[in-house]
Amino acid sequence: MPDNCNLTADRVTKVLTGTAGKDTTVQINNLDGGNALFVTISYDGNEIAAGKASATFTIKAGDKKLSYVYEGSSAGDQITITDPCDTILDAFPCDPGNFRIDRTVVGLAVQVTGGDLTVKAGK
Amino acid sequence: MRTRIAAYFLVATAAASAQFNPVIQIQKARAKFAGLKAGDKGVSCTAKGPVSPEVLIYCGDLNALFDPRTLEVSFAHYVVSQKDGSGILSFLASAAESRIDTQNGASSSGSGTTSAVERSGISDVLGVALEAGAVTQTISGTSLTLQGNALSLYRFLRSREVFEYCPEGKPKCRGELQKVLNKISGSASLGLSNASTQTATGAVTTSGTSSGSTTQPSASALIQNSASHLTGFSLRYQAINTLDLRSQAYLDAWKTAITDPSVLNLAQAVNKSTAFAFFDPVKNDAKWFADTLDTIQRLVEDGKSSDEELAAAVTNAWRTELDRWTKQGMSVDTLKQLLAASNTYMQARDVAINAVRQNFASGLTFEYAYSRPDNQPRVSTARVIYTLHPGTVAADTAAPAATSGQNTPPASNGAPKSSNDSAITVNFAAEMYDNPPPGTSALRDLQAALQLDHHFGTAVATLAGYYQYQHSPAALMIGQGNLAPGTNIMLNGTAATLLAPKGNIVVAQAMVTFPLKSGTKLPVGVTWSNRTDLIKGNELRGHVGFNFDWSSLLLGGQAKSAYPSQP
C-alpha cells in the first residue's frame, strides 16, 4: 500500500479527514483522456504545489483550508481528486468558469493516554 | 523586410444577467446517473456506508451542482447580484473562444503581402498587421491590414460587451445568430508606401491678379496619390473549425500554456482569496449540504425536471441561506474582489489557451477579396482555404455529454491519442477582373498553393509552393507618357493599358520562424519565383521579419495589476 494515503472524504460535505502529523498526497486526474493539473494549490494558506498534478502536505491539527485553482484541458471532462491508493476523495466536472475550489481538511490530533491510543479532533 | 504586429484587445465582460446556468454540471450529473449500473441507481448519496466508485463520482458531480465552494465564481456572481443592486460588471470575461490558425496579414494576392499561402483562421477580435514586400507582384509595397470579427462588431454596435465568456461545452451560451456571426470576419488593407502620380485633366483657374481671374480651358497636372489609401478588403466565412483536444501535441502545448508564469501568477492571486472562509461544512452547514444533496439527487433522477428547474432549485437553496452565511462572515466586497481577480485570471488563461489552439486547429474557410492595386485593374478573388493538422481529422469537439455519456467509455480507456505538430494548408483561388481591360477576359487567373508547417523544438519551419495559371495577361493602367511604376518599361505616347507578357507563375518559399521572448518571433526565409505578374525572369527575394504578439503585453500588464504591492 503506497504511503501518504491518509485522508478520507465525506461524500456529502466533501470534508477531508486525516491524522495530524501524517503526510498526505492528493492527485488530480482527468478521466476523459485529457490533462488536469493544479495550477496552484495551497494548504492552510501556504502554497504546496504549482503547475503539478499532485501535491503533498503534512496534515495539521484542526480545521484547515485546502484551496486550489485547477484546469482541465476540456470543459466537461470528469475530474477526480484521489490519493496514491486511488481512493476517490472528490469528483466534479471540469468547468473553466469555476476553476477555484475550497475544501476543509480536519486534522485529528493523536493523544496517548495511559497506554491507550486516542484519536480526536484537535483544535 | 517584414514586420507584423498582431493585436488582441481584451475587454472585460459584463454578465448580461445573474442567471445561474450550470449546463456543464447538469449535463454531467444526468449522464453519470444514466450510466450507473442498475444496482447503483437506488443508492442515496447521503446514506452511510460504502458505495461503488461510480456512485462516488456521481455523488461528487451532484455536489458540484450546488456546492458554493465548487462553484465559487458562479456563487459569488449570484450573491453579488442579489446583494448589490447595481448589478454585475466585468466579472466573467474571456477572449472569445477560437481554435483557429489566423491570417493576420494581407491577402496573398494583395499589395504588400508576404504570404504565399493564406491560413484558414479568422481573427478573434481585432488584428493588425504591418507588412512590406510582395510574392507574385512585380512592385513591392507596404500595407497595413486591419481584421475584425463580425460577432465582436455586432456586440459593439449593440452597446454590449465585446466579449462574452462562453467556454466550450456550453451549447446554450450563444444564440444561432451569434454562432454564425462568430464565423465571419473581414479585413481592410491600406497601402502605405505606394505613393504615385496620376494625371488629372481639367480647367485651371488662377486668381489674385490685379486684372482679376483667368481661365485656361484645358490643362494636365500630375497629382500624387495619398500615401494611405484602401487597397483592398476581404470577407471570410469559417465553415469548419475542428480541433483534436486529445492529441498529445495539443495536451503538451496546453500544459505549457497553463503553467506559464504569467498565468500562474494570476492563479496564485485568486487562490489567496479568503472569500469562502465563512463556510463551515463541518458543523453549521452540514445539514444544509445533506438536505440540498437529497433535493438535487431527486430532481436529477426523477426524469421530469428541466435544466431550468434544477438551476432554480440550486439558487433557491442558496437564497435561503444568504442571511445566515452573512452572519457567518460572508462579505460581498470580498466576493467582488474574488470575481475581479478571477476575471483577470480567466482572460489571461483563455488568451494563452486560444493561442495554443490556433496552432492545432484544422479548418475550412471561404474568402472573397476585393483588390484595387495601384495602377492596375480592380480584381475580385474567390478563395477556398483548408488547414489540416494530420491526425486531427476525427476531431473531438463534442459536448461533454457526448464524450462521457452512458454508453461511451472514458477516453482514457483506449481513446486514440495522436501526436503531431505539423500543419498542411491548401489554397485554391480564382481571380477575376471587375472590368476586363481590352485584350483580357473576366477570368484573370487560377491559383493553387500548398504550405507545410512543422515544429522543430520551438522553431517553426515552413515550406510553401504556389502556382498561378494566368488565363488573361496582367494589365497595368497608367497615365500616358510615363514609365511603368517600378519598371523600366517605356510606354508609347497614348498607352493607357499595358498588357504584360502572359505566363504562369511558380513560387517557392522556405522560412524558419524563431520564437523570441515575450511573444515576439523572428521569421527568416527566402522566396523564389519564375517571374512576377508584370515581368518575366526569375526573382529571388529574402525575408527577414519581426512579429509581435500584443497579447503578451496585455498579459504582462495584468500580471502586474494583480500584484499591486509588488514592484
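What is the handedness of the link between C45(B) and C59(B)? That link is left-handed, with -90 degrees about the S-S bond. Before going on, some ground rules: this is a predicted model, where local features need pLDDT of at least 70 and side-chain atom pairs count only at pLDDT 80 or more, while totals for chains, interfaces and linings use all residues. Residues are numbered from 1 along each chain as its sequence is written, chains are lettered from A and ligands numbered from 1 in the order in which they are written, and side-chain values use heavy atoms, with hydrogens and water left out.

Back to that pair. The sulfur atoms of C45(B) and C59(B) sit 2.0 Å apart, forming a disulfide (cysteine sulfur atoms within 2.5 Å). C45(B) is in the loop between helix 1 (23–35) and helix 2 (53–63) of chain B, and C59(B) is in helix 2, 14 residues apart; helices (H or I, at least four residues) and strands (E, at least two) are DSSP runs numbered from the N terminus. C45(B) is buried at 0% relative accessible area, and C59(B) is buried at 0% too. Here buried means under 20% relative accessible area, exposed over 50%, and partly exposed in between (1.4 Å probe, protein chains only).

The structure holds two disulfides over all chains. In chain A, C5(A) and C85(A) have their sulfur atoms 1.9 Å apart, and this link is right-handed, at 105 degrees. C5(A) lies before strand 1 (7–9) and C85(A) in the loop between strand 8 (78–82) and strand 9 (88–93), so the bond ties together parts of chain A that are 80 residues apart in sequence. C5(A) is buried at 15%, whereas C85(A) is partly exposed at 25%.

Now for the place where the chains meet. Contact (heavy atoms within 4.5 Å) involves 68 residues of chain B and 48 residues of chain A. Between them the chains bury about 4,600 Å², 55% of it on carbon and sulfur atoms; that is the accessible area (1.4 Å probe) the two parts lose on being put together, summed over both. R69(B), W254(B) and N271(B) supply 15% of the area that chain B buries against chain A, more than any other three residues.

There are four salt bridges between the chains (Lys or Arg side-chain nitrogen within 4 Å of an Asp or Glu carboxyl oxygen). K28(B) and D32(A) meet in a salt bridge, at 3.7 Å from N to O.
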